[in-house]
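Biologist: Please take one part of this model and go through it closely. I would like to see how it sits among its neighbours.

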Amino acid sequence: NTFTGPRLLLHQMMSHWGFDCAIGIVILANAATLGIETHIKKTVPLGCSEDCLDCSQQLDISLQCHTVPEIVVLSDTIFLAIYTVELVLRIGVYGISVLQSSWIK
């Protein structure tokens, strides 16, 4: 493929090692927040809702119910937006065939 204009600039940007490093950092940060979210959700006492608003059926009242911090919930949305932008850029530059790449899968 021969790229020209904006596609060439985007190809050069996405082919740069810094782009892969940035996406790698996003993936690591996303993994960390998923770990935090999973840890908090698994400690919700039996009988409580995930948002801790309804603990009327809580089996062990000595346990405290904790919710996922808003920053973690917000980060999920930010990571999704970053992944979406990356995918749209890749499809815009390389076409739909990019979905067949082992790197994208």
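Modeller: In helix 3, the buried residues are Val72, Ser75, Phe79, Glu86, Arg90 and Val93. Buried means under 20% relative accessible area, exposed over 50%, and partly exposed in between (1.4 Å probe, protein chains only). An α-helix has 3.6 residues a turn, so residues three or four places apart point the same way. The buried residues of helix 3 pack against helix 1 (5-15) and helix 2 (17-42); contact means heavy atoms within 4.5 Å. Helices are DSSP runs (H or I, at least four residues), numbered from the N terminus.

This is a predicted model: local features need pLDDT of at least 70, side-chain atom pairs count only at pLDDT 80 or more, and totals for chains, interfaces and linings use all residues. Residues are numbered from 1 along each chain as its sequence is written, and side-chain values use heavy atoms, with hydrogens and water left out.

Now the length. Helix 3 has 25 residues (70-94), so at 1.5 Å a residue it should span 36 Å. The expected span is 1.5 Å times one less than the number of residues. The end C-alpha atoms are 36 Å apart, which agrees.

The structure holds one aromatic pair. Phe3 and Tyr94 form this edge-to-face pair, 5.7 Å centre to centre with 80° between the planes. Phe3 lies in the segment before helix 1 and Tyr94 in helix 3, so the pair ties together parts 91 residues apart in sequence. Rings of Phe, Tyr and Trp (its six-membered ring) pair if their centres lie within 6.5 Å; planes under 30 degrees apart count as stacked, over 60 as edge-to-face and the rest as tilted. Phe3 counts as buried at 13% relative accessibility. Tyr94, at 22%, counts as partly exposed. Just after helix 3, Gly95 takes a positive phi of about 85°.

How values were computed
Helices (H or I, at least four residues) and strands (E, at least two) are DSSP runs, numbered from the N terminus.
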